[in-house]
Amino acid sequence: MPTFTKNTPNLIVSDLNRSLAFYRDVLGFSVVTTVPDKPPFVFAMLQSGAVEIFLNDAAAAIKEHPAWAGQPMVAFGHSLFIEVDGIDDLHARLVGRAPVWMPIVTQWYGMREFGVADPDGYLITFAQRVG
C-alpha cells in the first residue's frame, strides 16, 4: 500500500494574474515559481509555511484537457481548509479585502474558523485549534 506524503490543491482560475495577486497580496502567500518566468503566466506555485497551492490558467488547462471545455471551474464542494496561527489577526486583515462567506466562529469541535471566497469563487476556510 502506498504512503501519501503531500497534497497540493491545483486550482483552475479564469484570470491567473488576478488570482496570483489575491493569494500573494491579500492572503500573503509567496510566489515560488511561475510558467513562463514573465507574464502572461499560465501557471504559478505559491507557498506559505507548509501550505502550497498551484494556480493554472483555465485556457491553458483546457488546451491540455479538451474535455474540460464548457465545464464550470468551480463545482459545489471544492474548497480549501487551511490551519493557521493568529486566526483573529488574519480575520481582521481580510475583512473588506475578500468576500467573507462564513463569519468567524468557534466551532463545537475545537476550531476557531472563518471563510472567504477567492476571485473565482473557491471557498477557503481558515482555522485555528483552540483550548
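Overview. Along the sequence they follow the pattern β-α-β-β-β-α-β-α-β-β-β. Taken along the principal axes, the C-alpha atoms fill a box of roughly 50 × 45 × 30 Å. Of the 131 residues, 37% are buried, where buried means under 20% relative accessible area, exposed over 50% and partly exposed in between, with a 1.4 Å probe and protein chains only. Residues are numbered from 1 along each chain as its sequence is written, and side-chain values use heavy atoms, with hydrogens and water left out. Because this is a predicted model, local features need pLDDT of at least 70 and side-chain atom pairs count only at pLDDT 80 or more, while totals for chains, interfaces and linings use all residues.

**View 1. Helix α1 and its two ends.** Helix α1 spans residues 16–26, and its buried residues are L16, S19, L20, F22, Y23 and V26. At the start of α1, a side-chain oxygen of D15 comes to within 3.2 Å of the backbone nitrogen of N17. Just after the helix, G28 adopts a positive phi of about 90°.

**View 2. Y23 in the largest nonpolar core.** A nonpolar core is a set of buried Ala, Val, Leu, Ile, Met, Phe, Trp, Tyr and Cys residues joined through side-chain atoms within 4.5 Å. The largest one here has 29 residues, and Y23, L27, L55, I124 and F126 have the most contacts inside it. Helix α1 gives the most to this core, with 5 residues. Leaving aside neighbours within four places in sequence, Y23 is in contact (heavy atoms within 4.5 Å) with residues including L11, L46, I53, L80 and D118.

**View 3. E52 and its polar partners.** E52 counts as buried because its relative accessibility is 10%. The E52 side chain makes a polar contact of 2.8 Å with that of K6 and another of 2.9 Å with that of T8. A polar contact is a pair of N or O atoms within 3.5 Å; within protein, one must be able to donate a hydrogen and the other to accept it, and residues adjacent in sequence count only if both atoms are side-chain atoms.

View 4. In β7 (residues 111–117), 6 of the 7 residues are buried. Strand β6 (residues 100–106) pairs with β7 in the antiparallel sense over 4 bridges, pairing being called when DSSP finds at least two bridges between strands. M102 stands opposite G115 in β7. The β6–β7 hairpin has 4 residues between its strands, with G110 in the turn at a positive phi of about 90°. Strand β8 (residues 123–129) runs antiparallel to β7, joined by 7 bridges, and M111 stands opposite R129.

**View 5. E113, a buried charge in β7.** E113 lies in strand β7. E113 is buried yet has no salt bridge, and the nearest side chain of opposite charge, R129, is 8.4 Å away. Lys and Arg count as positive and Asp and Glu as negative, with His and the chain ends not counted; a salt bridge needs a side-chain nitrogen of Lys or Arg within 4 Å of a carboxyl oxygen of Asp or Glu. The E113 side chain does make a polar contact of 3.2 Å with that of Q107.
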